[in-house]
Amino acid sequence: MAETTISSLQDLKAAGATGEAQAPAIVYVQKLDKQGRAYATGKRKDAVARVWIKPGSGKITINERPVEVYFARPVLRMVLRQPLVIANRVTQYDLVVTVAGGGLSGQAGAVRHGLAKALTAFEPELRTVLKREGFLTRDSRVVERKKYGKKKARRSFQFSKR
């Protein structure tokens, strides 16, 4: 390739039309371990989830317990399964999850984030579908710290005129 000096807008348009400035398309590849599993880490609030997926019948195990026992509320199980439902893979993968930190809601969000990342590691073509739904984005909202002189992060003590 010949190096060209761009000194005007016409030169820039000509360089773009010839295709010199075109970046190559990113190709995502499947990442599996020796047991044929895909692994990913998901985070939400203070919760961290480690997720392994492998082809199977749809069994979900969280901290060595069935998902119905660990997440008793149906809403949390629904949040956890969202990436599988969007990708139409509900009964195709077995999940083994270890999750720690935070509360149950944050843990369910962390598992959802890790599951979406693991699905893209196993099937890279699902990336666009999961990214469009926002499952690959880490929700960065965390609890604000308590400030000195305040009752909570922003709440002041009750004012008394006495």
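Analyst: In this predicted model, isoleucine 62 stands opposite arginine 65, a residue of strand 4. The two strands concerned, strand 3 (residues 60–62) and strand 4, pair in the antiparallel sense over 2 bridges. Helix 4 (residues 104–122) packs on the sheet, where it touches strand 1, strand 2 (47–55) and strand 5 (93–100), and its direction makes about 150° with that of strand 1.

The sheet as a whole is open and is formed by 5 strands in the order 1-2-5-3-4, with mixed pairing. Because strand 1 (38–44) and strand 4 (65–66) each have a single partner strand, they stand at the edges, and one side of each is left without a neighbour in the sheet.

Turning to the packing, the largest nonpolar core has 33 residues, of which Ile53, Ile62, Phe71, Leu95, Val97 and Leu119 touch the most other members. Two or more residues of this core come from each of strand 1, strand 2, strand 3, helix 2 (67–70), helix 3 (74–86), strand 5 and helix 4, and the largest share, 9 residues, is given by helix 4. For isoleucine 53, once its neighbours within four places in sequence are left aside, the contacts include Ala38, Leu95, Leu115 and Leu119, as well as Arg37.

Arginine 37 also forms a salt bridge with aspartate 33, their closest N and O atoms being 3.1 Å apart. Arginine 37 is partly exposed at 26% relative accessibility, and aspartate 33 is likewise partly exposed, with a relative accessible area of 29%.

The count of salt bridges comes to 7. In one of them glutamate 68 is joined to arginine 81, with the closest N and O atoms 3.6 Å apart; since glutamate 68 lies in helix 2 and arginine 81 in helix 3, the pair ties together parts that are 13 residues apart in sequence. Glutamate 68 is partly exposed, with a relative accessible area of 46%, and arginine 81 counts as partly exposed at 25%.

Another salt bridge is formed by glutamate 123 and arginine 89, with 2.8 Å between the closest N and O atoms. Glutamate 123 lies in the loop between helix 4 and helix 5 (127–133) and arginine 89 in the loop between helix 3 and strand 5, so this pair ties together parts that are 34 residues apart in sequence. Both partners fall under the 20% cut-off for burial: glutamate 123 is buried, with a relative accessible area of 10%, and arginine 89 is buried, at 18%. Finally, a network of salt bridges links Arg44, Asp139 and Arg141.

Conventions. Residues numbered from 1 in each chain as written. Predicted model: local features only at pLDDT ≥ 70, side-chain atom pairs only at ≥ 80, totals over all residues. Heavy atoms only, no water. Pairing = 2+ DSSP bridges. Helix = DSSP H or I, 4+ residues; strand = E, 2+ residues; numbered from the N terminus. Contact = heavy atoms within 4.5 Å. Axes fitted to C-alpha atoms, helices over the stretch in contact; angles between N-to-C directions. Core = buried A, V, L, I, M, F, W, Y, C linked by side-chain atoms within 4.5 Å. Buried < 20%, exposed > 50% of the residue type's maximum accessible area, 1.4 Å probe, protein only. Salt bridge = Lys/Arg side-chain N within 4 Å of Asp/Glu carboxyl O.
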